[in-house]
Amino acid sequence: TVEYLVVAGGGGGGFNYGGGGGAGGYLTNYGSPLSLTTGTPYTINVGTPGAASASASNKGGTGGDSQFSNITSTGGGGAGSNGASDKNGLPGGSGGGAAGYNTAASTGIGGTATVSPTQGNNGGNGFSGAGGAAGGGGGAGGVGGTGVASQAGDGGSGLENQITGATGVFYAAGGGANANGAQGTGG
């Protein structure tokens, strides 16, 4: 029997008032071991992190999926950037935060979390208007914070898991965002 914790690669952050990347999807059977067959090979893949955006016109990259046998954890969504025509965060294990921008028509929407099974929470929305700010990336334990004037959204919280035998260890928190002023913190 085996207990697993499968966390995918996190999403990349946005550029210049950009959103925080979403945490990689979080799947576990801790406390309920899975029966496996001795001598049978099982697939294991570790998802790579999404690339951060390198320009205001591009979004952050979505993280790679992680896999154990037939269990797939979805990579975190990349975040929106302030210069992109579509400032919204991308969907993923937890949605990427959306970019804020200093025009009233340019609020970005946080990316949605993967469902069935749920692997996280949505990214936070951006804020438009003076002091534009971006939303934080969604985490396994909480949604990404929404940007408000001159204050970027914090990343959504992770979840504790004691699979290593230690308490107080959290996994899959969302990334903090950027603002014209105070920055958001990671979950």
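## The open sheet

Three strands make up an open sheet, ordered S3-S4-S5, with antiparallel pairing. Strands here are DSSP runs of E with at least two residues, while helices are runs of H or I with at least four, numbered from the N terminus. Two strands count as paired if DSSP finds at least two bridges between them. S3 and S5 are the edge strands, each pairing on one side only. Between S4 and S5, which run antiparallel, there are three bridges, and serine 66 stands opposite serine 73 in S5.

A word on the background: this is a predicted model, in which local features need pLDDT of at least 70 and side-chain atom pairs count only at pLDDT 80 or more, whereas totals for chains, interfaces and linings use all residues. Residues are numbered from 1 along each chain as its sequence is written, and side-chain values use heavy atoms, with hydrogens and water left out.

## The whole protein

The protein has seven strands and zero helices, so its elements read β-β-β-β-β-β-β from the N terminus on. Its radius of gyration (taken over C-alpha atoms) is 17 Å, close to the 16 Å that the globule rule gives for 187 residues, so the protein is as compact as a globular protein of that length. That rule is 2.2 Å times the number of residues to the power 0.38. Along the principal axes, the C-alpha atoms fill a box of roughly 60 × 30 × 25 Å.

Of the 187 residues, 44% count as buried, a word that means under 20% relative accessible area, with exposed meaning over 50% and partly exposed in between (1.4 Å probe, protein chains only). Contact means heavy atoms within 4.5 Å. Among contacts with a separation of 6 or more, 52% come from residues 24 or more positions apart.

## An aromatic pair and its neighbour

The structure holds one aromatic pair. Tyrosine 4 and phenylalanine 68 form this tilted pair, 5.9 Å centre to centre with 40 degrees between the planes. Rings of Phe, Tyr and Trp (its six-membered ring) pair if their centres lie within 6.5 Å; planes under 30 degrees apart are stacked, over 60 edge-to-face, and the rest tilted. The pair links distant parts of the chain, 64 residues apart: tyrosine 4 lies in the segment before strand S1 (5-7), and phenylalanine 68 in strand S4 (residues 66-68). Tyrosine 4 is buried at 16% relative accessible area, and phenylalanine 68 is buried at 12%.

Asparagine 29 sits in the loop between strand S2 (26-28) and strand S3 (44-45). A polar atom of its side chain lies 2.5 Å from the backbone nitrogen of tyrosine 4. Asparagine 29 is buried too, at 11% relative accessibility.

## Two buried loop residues

Asparagine 82 is in the loop between strand S5 (71-73) and strand S6 (159-160), and is buried with a relative accessible area of 8%. A polar atom of its side chain lies 3.2 Å from the backbone oxygen of asparagine 16. Beyond four places in sequence, the contacts of asparagine 82 include Phe15, Tyr17 and Tyr101.

Glycine 147 is found in the loop between S5 and S6 and counts as buried at 3% relative accessibility. Not counting residues up to four places away, glycine 147 touches several residues, among them Asn125, Phe127 and Ala133. Glycine 147 and threonine 107 are 40 residues apart in sequence and 9.7 Å apart in space, C-alpha to C-alpha.

How values were computed. Polar contact = N/O pair within 3.5 Å; in protein donor to acceptor, adjacent residues only side chain to side chain.
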